Amino acid sequence: MFLFKDIPTLQSFLQIYRQNGRSIGFIPTMGALHQGHLSLIRACKEQGHLAVCSIFINPTQFNQESDFNAYPRHTPADIELLLQAGCDVLFHPEANTMYPEGLQVNDYDFGPVTQTLEGMHRPGHFNGVITIVKRLFEVVQPSHAYFGQKDFQQCAVIAEMIRRFGFSVELHRQPIVREKSGLAMSSRNSRLNSEQKQQALEIIQTLTWVKAYIYKIPLDQLCEEAMYRLGKNLKPEYFVIADLQTLEPKSRLAAKEDAVILAAAWCGDVRLIDNLLVSG
């Protein structure tokens, strides 16, 4: 695996592969890697692309400085995991490389896809996400990009970003990878103690319960009951049944209509998100 910290050297290296007809697959991360991230690397490799992973904890997508400071940092362990997964290239830049003019962030309004859910509860979050992913796409110039379904709304935002800015990038949304317990794998899980991990299971349990009754009980009643269930041991922020494309909340769901169920809740001082797809 090749490690790069500066942009010109990385781009010169990748250009050699392009000239030899090799396609570039890109997996942007913030480190603290787990099997969910590694599944993206493997998917990229299985499809025959050069696997380029980035590790950069982007300060502009955190709403609270304390959350940014508390975000887990395990770079040596991350490198070992990338080697095991067969990653070809790691791009690990400093903040002044990605933000040479300081932490300047543009204001992006993509409609409901950026305004609802995470966009509502984390003001400015998607401005930071779009800013850094756009910058990374410009640097790496991939033909394929891999993101995990756990960040379902982020995937939708990136898809819209690709469309609006005309990137020639095919977006691959990979299924959620879960721990044996059912908890969605997340870098933030390392901050949960054993009791909190048990409490956090109520998220996927509630999502599963709602999915089972989604065509039988009015959606507002389901969401109200879900918030009540989550509120017993967690601090829920939202529980929404939404349109797959726009992520606008649905008030009714026709028989066999597809949707996505999304939830966010605090377990202690750790914020967790999860979702389930619903297919009629």
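How many helices and strands are there in the protein? The count is 11 helices and 9 strands. Keep in mind that this is a predicted model. Here are my notes, going from the whole chain down to single residues.

1. **Overall size.** The radius of gyration is 19 Å, and a compact globule of 280 residues would come out near 19 Å, so the two agree. If you want dimensions for a figure, the C-alpha trace spans about 55 × 40 × 35 Å along its principal axes.

2. Out of 280 residues, 53% count as buried.

3. **Contacts along the chain.** Take the contacts between residues at least 6 apart in sequence: 71% of them join residues at least 24 apart.

4. **Charges.** I get 27 positive and 29 negative side chains. The centres of these two sets lie 4 Å apart.

5. **Strand β8 and its partners.** Have a look at β8 (259–267). Of its 9 residues, 8 are buried, so the strand is mostly covered by the under 20% cut-off for relative accessible area. β8 runs antiparallel to β7, with 7 bridges joining them, and Y238 sits opposite A264 of β8. β8 also pairs with β9 (residues 270–278), again in the antiparallel sense, over 9 bridges.

6. **The β8–β9 turn.** These two strands make a hairpin with 2 residues between them. G268 is in that turn, and its phi is positive, about 65 degrees.

7. Most residues other than glycine have a negative phi. Two spots here go the other way. Q141 has a phi near 55 degrees, and it is found in the loop between α8 (125–140) and β5 (144–148). K256, which is not a glycine either, has a phi of about 70 degrees and lies in the loop between β7 (235–242) and β8.

8. Q141 has a relative accessible area of 43%, so it falls in the partly exposed class, between the 20% and 50% limits.

Key. Residues are numbered from 1 along each chain as its sequence is written. This is a predicted model: local features need pLDDT of at least 70, side-chain atom pairs count only at pLDDT 80 or more; totals for chains, interfaces and linings use all residues. Side-chain values use heavy atoms; hydrogens and water are left out. Helices (H or I, at least four residues) and strands (E, at least two) are DSSP runs, numbered from the N terminus. The radius of gyration is taken over C-alpha atoms; the globule rule is 2.2 Å times the number of residues to the power 0.38. Buried means under 20% relative accessible area, exposed over 50%, partly exposed in between (1.4 Å probe, protein chains only). Contact means heavy atoms within 4.5 Å. Lys and Arg count as positive and Asp and Glu as negative; His and the chain ends are not counted. The place of a charge is taken as NZ of Lys, CZ of Arg, CG of Asp or CD of Glu. Two strands pair if DSSP finds at least two bridges between them.
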